[in-house]
Every structure is written in C-alpha cells, then in structure tokens.
Amino acid sequence: MVASRSSRILSPIWKQITRNVVESTIVSSRNISSSLVPLTQHLDKNFMDSATTKFIKSYPQPVFESHPNLLKKGEITPLIHKDEYKERRTKLMQKVFQQSDGSKANIVVVQSSSKLYMSGKIPYVFRQDSDFFYLTGCLEPDVVLVMVSSPCFSDKYESILFIPKTDLNTEVWEGPKLDLNFCVNILGIEQANYDSQIAPFVCSYIKQNHLNGVQIWRDHGRSFRIIDDVITQKGGSITTLDYVPLIHNLRVIKSKSEQELMRRSCSIIAEATIETMKKSKPSICESQLWACVEYHSRMSGAQYLAYPPVVAGGPRANTIHYINNNQLINNGEMVLMDAGCQYHGYTSDMTRCWPINGKFTSHQTEAYEALLDVQLDLIQFCNERPPLDILFQRMCRQLGKNLQQIGFGKDAKSCVERAQMAYSVCPHHVSHYLGIDVHDTGKINRNIPLETGMVITIEPGLYVDLNRSIAPKEFHGLGLRIEDDILITETGVEVLTQSCPKTVAEIESIMR
Ligand SMILES: [Mn+2]
C-alpha cells in the first residue's frame with residue numbers, strides 16, 4: 001500500500017484546484033442533477049489527462065456501465081434489481097405500520113457500517129452492514145437511510161439517503177465516492193442529501209407530527225449519536241422501537257434471486273473444498289489448506305471468505321472454533337475444514353472432514369459413517385419442514401443410537417440416556433439460518449417451522465476429546481463435523497453444497 005504524502009508538499013496549483021472543487025460540490029437535493037458535473041468546470045484543460053477523465057467516469061461501486069460482466073441494466077448488485085431493493089423497503093414500512101397503532105408517524109433510521117482501521121490509515125476490508133445492504137444495495141461506508149411515514153398512510157413513505165460530503169483530495173486517494181446523483185439515479189432512492197442534514201430533517205419531521213406522536217425505529221444494538229441527541233432533546237413525545245426483528249422476518253425468506261446467489265456461493269465453496277482435498281498430504285500446514293480454499297473461492301468469483309475458517313488437524317478438531325490454523329497435520333490424522341465464502345453479499349457455510357493422507361482408517365470410517373448417517377437423515381427430515389430445534393432433538397436421538405452401535409456409552413439404557421450421551425459429544429446446535437450473515441437473522445426463533453425460501457445449515461458433529469470416558473479408546477482425539485447448506489423449496493429440499501462429496505468412497509476417490 002502506498003503511504004500518503006504530507007499535504008505540505010502539495011503544489012500550489014493543486015491546492016488551488018482542490019479549493020475550487022470543494023466549493024463547487026455543495027449541491028442540494030433540489031439540484032442534484034448538477035452533482036459531479038461542476039468538477040470538470042474548474043479543472044484546467046491541461047489537467048484533464050486520461051487518468052483524470054477515467055476518474056470522472058468512475059463510480060463508487062460496480063454498476064452496469066462499468067461492470068457489464070457482473071450486472072445487468074437496473075441491477076444494483078449482481079442479480080438484485082433496483083425494484084427488488086425498493087420492494088424490500090416497502091415491505092419493511094408495511095411491517096412498521098402494522099406494528100404501530102396507526103395514529104403515529106414513523107421514522108426508520110438505518111446506518112451503514114463505518115470504515116474500520118487496523119492502524120493509522122490502514123483499513124480493514126470493508127463489509128457493509130447486513131440490514132443496510134439488504135435495504136439499499138449501497139456498498140459505501142457512513143451512509144444513513146431514513147424512511148418516514150405519516151400517520152394513517154400505510155402504503156406511503158419516503159426514503160432519503162444521507163451521505164458524507166467528499167472532497168477531491170479524498171477522491172484522488174481513494175477513488176470516486178457516493179454522490180447525490182448516484183443515490184437517486186443508480187440506487188433508486190427517492191431523495192438524497194448530505195449527512196449534516198440528518199438532525200435538521202428528523203427534528204423538523206418530529207415537529208410536524210408532534211401532535212400525533214412519533215415512533216423512531218432503529219437498531220437497538222448500535223448507538224448513533226445524532227439520533228441519540230435528537231431523542232434526548234425531544235424527550236417525551238418520542239417512542240423508540242427496534243426494527244431489527246422486522247427486517248430479519250423479511251430476510252429469513254430468500255427471493256428467487258437471493259436463492260440463486262446462495263446457490264453460487266455454495267457451489268464456489270464446494271469446488272474450492274474439493275481442490276483443497278486434492279492438495280492435502282501428510283505434514284502440510286493447516287495454513288496452507290486455508291490459503292488453498294481462499295484462493296480457489298476468490299478465483300471463482302467470491303469476494304472473500306465469509307469467516308475465518310476452521311482448519312483443524314488431528315485432535316484440534318475438538319476445539320469447535322479453532323482458528324489458529326498454524327500446525328502441521330500428521331500422517332494418519334484427519335482434518336476438519338469449516339469454510340464459507342461471501343458472493344456478492346451472500347454467504348455459504350460448509351464443513352468437510354477427510355484423512356490427510358487420503359485413506360480413512362477403519363475407526364475413522366466407523367465414526368464418520370455414524371455421523372454421516374445422522375446428517376443424511378436430518379436433510380431428508382427437512383422435507384417435513386420441522387423447526388430447527390426439532391432437528392436438534394432428532395440429531396441427539398439418532399446420533400446416540402448410532403454411537404452406541406460402535407461402542408460408545410454402553411451404560412446408556414434408554415433413548416433419553418443415549419440422546420444425553422450424544423449431546424455430551426456434540427454440544428452445539430445442529431442448524432442455523434444462513435443468508436447475508438453466516439448466523440443469519442438471529443432474531444428469528446429456531447422453534448418456528450421451516451418455510452419455502454429459507455436456507456439453513458445441517459451440521460451434526462462428534463467431538464471425542466482425549467478424556468472422553470464414554471468413548472472407546474480408539475476414537476479418542478477424533479473431531480468430526482459434516483455441514484451442508486439446505487434451501488427449502490416448494491416441493492422439498494435442495495442441497496446447495498451438493499457438489500462437494502462426503503461419502504468415504506467419494507472422498508477417497510477424489511484424493512487418489
Ligand atoms: Mn454453520
């Protein structure tokens with residue numbers, strides 16, 4: 001990364017240009033069509049070299065004009081059209097209205113993520129806030145979406161995007177930034193303004209509606225100083241409510257285009273995992289397998305891995321969230337790899353285990369097949385659309401039964417005792433919702449029946465640490481998990497990670 005230069009050595013002519021342009025970019029929402037255009041008017045012709053021209057034509061995020069390989073006309077992010085984003089906002093506002101008593105005005109405030117820094121001016125890879133992304137498709141930091149609806153008008157609302165004001169110097173270093181035009185013409189938000197106008201706008205809206213009362217909907221898990229201050233100022237006339245459960249209710253059901261994005265995300269991680277199996281050999285380092293899965297994911301179009309993967313050789317697989325990934329894997333050991341990627345905002349989450357030398361031992365086969373049998377049964381059971389918690393109970397029963405058949409928990413006499421024994425070797429849940437987040441829509445209870453359009457994981461595990469007395473000695477140290485991503489369809493289930501093999505014979509054949 002190139003270090004920034006001190007502003008002291010900017011030549012006077014650049015100072016002049018910068019000053020002119022900063023002054024010229026003050027654009028109100030009344031004349032947003034003039035945004036960016038004035039930039040060129042102040043530039044001397046001599047400075048309009050090819051790099052500058054290119055810069056003027058650039059956009060803050062991929063659009064059809066600049067990335068026809070990624071986007072069709074009208075799509076804000078790949079496969080998601082402007083109209084779908086608008087429909088999401090409309091549905092949210094309908095839910096907001098349903099939750100209100102109808103006599104009050106509603107203000108919904110959704111913040112994007114902010115840039116985070118590792119040190120000094122070195123940023124972390126930027127990841128957009130999931131709810132903000134879902135409602136706008138906007139990939140820029142420090143933006144705020146405000147939606148307002150007056151009392152008694154259920155289907156009428158207004159959306160305004162508030163953006164940070166940029167300057168030429170920032171754009172020279174970081175590239176083009178969001179402008180008011182982009183918000184309206186590309187993102188399809190009805191109005192746009194600068195972030196200095198958030199408080200005045202919200203205050204005046206509250207003032208207009210103070211007789212009816214005003215409800216402010218926000219993410220109760222995040223603070224937002226501007227809105228905190230407004231609420232403190234305005235005191236009693238305002239109720240604050242949490243919009244997150246309402247958005248999660250929408251996000252938990254995936255549209256056709258979201259399903260296709262998830263399908264691609266899952267197939268990328270499936271193929272990348274196959275490549276990683278092929279690269280495996282005794283004494284390879286866990287970090288090399290991590291590099292391999294990340295390389296193949298990104299080469300196939302993923303933006304990044306969705307979370308730090310677990311690449312755990314031998315007994316380290318018993319540490320469920322092992323992410324050190326820094327040890328050599330010995331001949332005769334198995335490796336557990338839990339990895340997922342992010343494909344244009346949508347996440348996959350898959351786990352496979354394989355012997356590092358390509359050949360399962362008899363005990364590894366026994367334990368692995370006991371677990372795989374449970375996983376296959378649970379995927380089938382999804383056809384009956386059970387709640388996730390029922391899947392978990394079923395996992396405990398089935399795993400208990402299978403484990404006893406290979407010598408675990410000899411003293412467990414009843415079904416309940418066997419299920420308890422299984423819970424002791426698989427202490428995590430067997431499923432979670434999946435989507436924009438890995439652990440998606442956390443506000444949705446796991447006790448509701450599965451519905452068409454939901455995507456979930458099925459991930460039973462078996463962790464036999466070195467002192468696990470209920471297990472025969474030959475299984476000690478083994479840690480296994482098998483995880484696939486499942487779409488609930490109108491007619492049944494679709495295993496989105498299907499293309500990654502998981503039977504003993506298939507895995508051995510791939511590694512041969
Ligand atoms: Mn998972």
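**View 1. Crossing of helices α13 and α14 in the predicted model.** Helix α13 passes helix α14 in a right-handed crossing. Helix α13 covers residues 362–381 and helix α14 covers residues 388–405. Two packed helices are described by the angle between their axes and the distance between the axes. For this pair, the angle is about 150 degrees and the axes lie 9 Å apart. Angles over 145 degrees count as roughly antiparallel, and α13 and α14 are therefore roughly antiparallel to each other.

**View 2. Residues at the contact of α13 with α14.** From α13, the residues A370, D373, V374, D377, L378 and F381 take part. They meet L391, R394, M395, Q398, L399, N402 and L403 of α14. Sorted by class, this contact has eight nonpolar, two polar and three charged residues.

**View 3. The open sheet β17-β20-β21.** Three strands form this sheet in the order β17-β20-β21, and their pairing is antiparallel. The edge strands, β17 (455–458) and β21 (493–495), each pair on one side only. On average, neighbouring strands of the sheet are turned by 30 degrees against each other, direction ignored.

**View 4. Pairing of strands β20 and β21.** Strands of a sheet pair through backbone hydrogen bonds, either parallel or antiparallel. Strand β20, residues 484–488, pairs with β21 in the antiparallel sense over three bridges. Residue L487 has E494 in β21 as its bridge partner.

**View 5. The protein chain as the setting of these details.** The chain contains 16 helices and 21 strands. Of its 512 residues, 40% are buried. Among contacts between residues at least 6 apart in sequence, 70% join residues at least 24 apart.

Definitions and conventions:
Residues are numbered from 1 along each chain as its sequence is written. This is a predicted model: local features need pLDDT of at least 70, side-chain atom pairs count only at pLDDT 80 or more; totals for chains, interfaces and linings use all residues. Two strands pair if DSSP finds at least two bridges between them. Helices (H or I, at least four residues) and strands (E, at least two) are DSSP runs, numbered from the N terminus. Axes are lines fitted to C-alpha atoms, for helices over the stretch in contact, and angles run from 0 to 180 degrees between N-to-C directions. A residue is buried if 20 or more other C-beta atoms lie within 10 Å of its own, exposed if 12 or fewer, and partly exposed in between; C-beta atoms are placed from the backbone. Two residues are in contact if their C-beta atoms, placed from the backbone, lie within 7 Å. Angles under 35 degrees count as roughly parallel, over 145 as roughly antiparallel, 65 to 115 as roughly perpendicular and the rest as oblique. A crossing is left-handed if the near helix is turned anticlockwise from the far one by less than a right angle, and right-handed if clockwise. Ala, Val, Leu, Ile, Met, Phe, Trp, Tyr, Cys and Pro count as nonpolar, Asp, Glu, Lys and Arg as charged, and the others, Gly among them, as polar.
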